[in-house]
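Let's take a walk through a protein model together, one piece at a time. Have a look at the picture before reading on.

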Amino acid sequence: MNFFDKLNGAIARNQSLLFVGLDPNVEMLPSRYYPPGDIDSITNILWDWLQVIISQTADQVCAYKPTLGFYQALGIHGLELLQLTLAAIPADIPIILDAKHSDINTSTIFAKTVFEQWQVDAITVSPYAGQDHVAPFLVYPDKAVFVLCRTSNPAAIALQEYPTTESPLYLQVVKEAKNWATPEQLGLEVGTTSPEVLARIREVAPERVILARSIWSEGSNLSNILTAGLNVNGDGLLIPVPQDMLGSDNLSEQIQSLNQEINQTRNKIIEDASTCSVWLPNVCLVNQHPYLDLILQLYDIGCIMFGEFVQASGATFPYYIDLRKIISNPQIFHQILNAYADVLKDLKFDRIAGIPYGSLPTATGLSLRLNRPMIFPRKEVKAHGSRRVIEGNFEPGETVVVVDDILISGKSAMEGAEKLKSAGLKVNDIVVFMDHEQGVKDRLRANGYRAIAILTISEITQTLYEAGRINEEQYRAFDEV
Ligand SMILES: O=P(O)(O)OC[C@H]1O[C@H](OP(=O)(O)OP(=O)(O)O)[C@H](O)[C@@H]1O
Ligand SMILES: O=C(O)c1cc(=O)[nH]c(=O)[nH]1
């Protein structure tokens, strides 16, 4: 299971955004464990403490974050303790190794160790060496990185707020890091007690998971921090269990009440969002379509155009749906991939085939996201080179799911599927984002294919009309065809 799914699973199961830092630091050891003796007994005592923390929190948190530096400081015993710690964490709770790794020369080998050998789910990295340094961690599609964007260390302000507080380096880090990987693979580590800082980062990165640090200081206001840092769905912010709490002898009860406090604020945000005042200021529908936000965004970036358009079939429609534009907006593209992935997760297939050209980026994104191999049937066979009809490797007899963006007449998807079948592949399912309806699915069924559409054209037009994006005349245009 990938990091993101594991994290979301733990959040849902334990109803918690809390994570626990596992820091075998003698200086933080509660006094009831004293007196520690030589290095062996110190490690044993720290291990006793860590086990208590894990056992008392496993049903109340969404992640554990062991800090590598504290384990390293214990030398060889520390690395053994780390292995014990990793093994003690329940398999369904993600582990974020706090390494702040920043050495480009060791990235590849270190990624192999932490992800393959130690089996951690995510790692914290420093952004300063740029994408080259982070990329070796991102080649593991099931794993994630948290890029350190800001710390609460007072001296760091000289760098983080350079050149000006209005346009600080830490926000540039956020903007840059967003280009390095999808929200599933790249989150942001942010240390601050300031709701303003969190709000600024959330504004730039509404889609990212933020690993909050150092939020607990005297006088800090949890509710303000949550309001600033949570996303519109009331999540996307991982909150550290306060360090002092980990030493208390009623840890479980304390975490429970902290969780309740956090969830109250989350619920309030979710309720407020459902009034639409937060995220869709000009729309409030009684029966919201689950893809309302996405449909409006597609319209807003110009995927639905009105005017006289000749279709591939030769017919002229008073509109044109151009889903090719999604690739220029990573946020929307990401949401669309999520929607396809949600359908594909229930299908049986060996490979994903995209229909050129419009659906090749989508098939590529899905292939990387789901870690399934991709192929594609060429639109036209080249007169040079290998002259292959199907690009990519496959074995005859394998099952392929066809991915296309839209079904108008169904011709493109069906022709693609036929080419795949001629090469000995099996095609059962054709998954599209949008069905233009008018019986195309039935036609495909008659030819032996099951067509699955994420949305129908009428769902889209109805939603746009109700949201006031299109007028009556435009709405009716879709009925005229
Ligand atoms: O159901 P149909 O009538 O076949 O129409 C739908 C097809 O049309 C579009 O591709 P287009 O032919 O415009 O080519 P492109 O993807 O290369 O732009 C779209 O991407 C679908 O593949
Ligand atoms: O080829 C078409 O008919 C067609 C393709 C497409 O992507 N959108 C559309 O409205 N028509």
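**A histidine and its contacts**

His 289 touches Ile 295, Glu 459 and Thr 463, leaving aside residues up to four places away in sequence; touching, or being in contact, means that the C-beta atoms of two residues, placed from the backbone, lie within 7 Å. Before we go on, a word on what you are viewing: this is a predicted model, in which local features need pLDDT of at least 70 and side-chain atom pairs count only at pLDDT 80 or more, while totals for chains, interfaces and linings use all residues. Residues are numbered from 1 along each chain as its sequence is written, and chains are lettered from A and ligands numbered from 1 in the order in which they are written.

Back to our histidine. His 289 sits in the loop between helix 11 (251-274) and helix 12 (292-300). Helices (H or I, at least four residues) and strands (E, at least two) are DSSP runs, numbered from the N terminus. Along the sequence, His 289 and Thr 463 are 174 residues apart, but in space they are 7.1 Å apart, C-alpha to C-alpha. Why does His 289 count as partly exposed? Because it has 17 C-beta neighbours inside 10 Å. A residue is buried with 20 or more other C-beta atoms within 10 Å of its own, exposed with 12 or fewer, and partly exposed in between, the C-beta atoms being placed from the backbone.

Now let's step back to the whole chain. Its secondary structure comes to 18 helices and 16 strands. Of the 481 residues, 36% are buried. Among contacts between residues at least 6 apart in sequence, 65% join residues at least 24 apart.

Eight strands form an open sheet in the order 2-1-8-7-6-5-4-3, with parallel pairing; two strands pair if DSSP finds at least two bridges between them. Strand 2 (63-66) and strand 3 (96-101) stand at the edges with a single partner strand each, so one side of each is left without a neighbour in the sheet. From one strand to the next, the twist averages 30°; angles run from 0 to 180 degrees between N-to-C directions, and axes are lines fitted to C-alpha atoms, for helices over the stretch in contact.

Strand 1 (residues 18-22) runs parallel to strand 2 over four bridges, and Leu 22 has Pro 66 in strand 2 as its bridge partner. Between strand 3 and strand 4 the chain passes through helix 5 (residues 107-117), making a right-handed β-α-β crossover. Right-handed means that, with the strands pointing away from the viewer, the path from the first strand over the helix to the second runs clockwise. Helix 9 (residues 195-204) lies across strand 5 (144-150), strand 6 (186-191) and strand 7 (210-213), at about 165° to strand 6.

Another open sheet has six strands in the order 13-12-11-14-15-16, and its pairing is mixed. Its edges are strand 13 (390-391) and strand 16 (450-456), each of which pairs on one side only. Strand 12 and strand 13 are antiparallel over two bridges, and Pro 377 has Ile 390 in strand 13 as its bridge partner. Helix 17 (residues 457-466) packs on this sheet and touches strand 15 (426-435) and strand 16, its direction making about 5° with that of strand 16.

Let's look inside this sheet at strand 11. In a regular strand the side chains alternate between the two faces of the sheet. In strand 11 (residues 351-354), Arg 351 and Ala 353 point one way, Ile 352 and Gly 354 point the other way, and all are buried. Four bridges join strand 11 to the parallel strand 14 (residues 399-407), where Val 401 is the bridge partner of Ile 352.

Finally, meet the ligands. Of the 16 residues around ligand 1, Tyr 357, Gly 358, Ile 408, Ser 409 and Ser 412 come nearest; a residue is near a molecule if its C-beta atom, placed from the backbone, lies within 6 Å of it. Strand 14 gives the largest share of this shell, four residues. The residues surrounding ligand 2 include Gln 311, Tyr 320, Asp 322 and Ile 408.
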